[in-house]
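Hello,

Here is the structure I promised to hand over. Please open it before you read on.

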Amino acid sequence: MSEKNKQTTLEGKIAPRGKVDPRNKLNDLTGKEWNYATRSVIVTAYPVSGPKSLAAEIRRQHPSPKPPQLCRHFVKFFTKKGATVLDPFMGVGGTLIACSLSGRKGIGIDINPKWIETYKKACSFLGIQVQTVYCADSREILKLGLPEVDFILTDPPYSFMLSKERTGEKKKIGKGFEAKPFSTLPQDLGNVDYPTYRKELKKIMALACNRLRKGKYVAIFAKDLSHEGRMTPVHCHIIQDMMDIPLRYKGLTIWYDKTINLYPFGYPYQYVPNQVHQYILIFQKENDVTVPEV
Ligand SMILES: C[S@@+](CC[C@H](N)C(=O)[O-])C[C@H]1O[C@@H](n2cnc3c(N)ncnc32)[C@H](O)[C@@H]1O
């Protein structure tokens, strides 16, 4: 069996990969790999330290870095080798590192120069080339002269969530607990109220989708918002807003993030869930997208 035609099974055994169907225009996966890749729940624990963590110690300076291995899962499913992937909220580069690891071209945008510098440090640590990055407000995306892209994979901020103190954490950690916003920039989507967040995210995604080839896909990380005893179903709102762009909603993947600590939210009075999962919402661009006014 040639090396190219082997894959490691969950049990660590070497098994034949199977064949790539010549009709497959979406990715470079075989039928077997396609079958496994479309499971709707991901429970893989990605290393958080050491050589296999892909510079997690550096990337963790950001409040919410995504594992590049998880991003690679989506990059490899939704593109072929050599394709171009856009992330309009790149942070410290989970998507871009995934592109480097899988032979794709990445384009990343972040409003905060600190995160771009941290991404560059991670690349230098990993010995990989820095992908194309812009320090800009993604509302300005059309002014950057970007080429057409084959996939958008992004993890937007969570409205004002990170800048609010979470009762459970405060209880556990005590006075030393400090809420950490991504930045203090007024254009940062992490610093606006929820209705503004929805409106602005929709606008930015419509602008980004203007650069996406027709028929191609968009994957958006989303987490629901728990605040003052209420749960805001952020992932449902994002689905609704993206369908207005219009994108076709295709389904979701749930990622069980095993690194999340549990806190006594609500204790001992009311039910407040410990969210240890995030959603990855999948959409497809069917039609041209009207460019919104910025
Ligand atoms: C959840 S983080 C992305 C984390 C990223 N997936 C990673 O692996 O590091 C969202 C990012 O969006 C950036 N951001 C917020 N508002 C923005 C805007 N208007 N334009 C561009 N970037 C923005 C923030 O600086 C933050 O780094």
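Predicted model: local features only at pLDDT ≥ 70, side-chain atom pairs only at ≥ 80, totals over all residues.

**The ligand and its surroundings**

The ligand sits in the largest cavity. The shell around the ligand holds 27 residues. Closest to the ligand are His62, Lys66, Val92, Asp110 and Ser138. By type, the shell divides into 13 nonpolar, 8 polar and 6 charged residues.

- Asp110: an N or O atom of the side chain is 2.7 Å from an oxygen atom of the ligand.
- Lys66: here a polar backbone atom is 2.9 Å from an oxygen atom of the ligand.
- Ile111: a backbone N or O atom lies 3.2 Å from a nitrogen atom of the ligand.

How much of the ligand's accessible area does the protein cover? On its own, the ligand has 600 Å² of accessible area, and the protein covers 100% of that.

**Ile220**

Now turn to strand β8, which spans residues 212-222. Ile220 is found in this strand. Is Ile220 buried or exposed? Its relative accessibility is 0%. The cut-off for buried is under 20%, so Ile220 counts as buried.

Over to you.

Best wishes

Technical notes
Residues numbered from 1 in each chain as written. Heavy atoms only, no water. Near = heavy atom within 4 Å. Polar contact = N/O pair within 3.5 Å; in protein donor to acceptor, adjacent residues only side chain to side chain. Areas by Shrake-Rupley, 256 points an atom, 1.4 Å probe, with all protein chains shown as cover. 1 Å grid on protein atoms, 1.4 Å probe; cavity = no way out; pocket = protein on both sides within 12 Å on 5 of 7 lines; lining within 4 Å. Sits in = over half its atoms within 2 Å of the grid points. Nonpolar A, V, L, I, M, F, W, Y, C, P; charged D, E, K, R; others polar. Helix = DSSP H or I, 4+ residues; strand = E, 2+ residues; numbered from the N terminus. Buried < 20%, exposed > 50% of the residue type's maximum accessible area, 1.4 Å probe, protein only.
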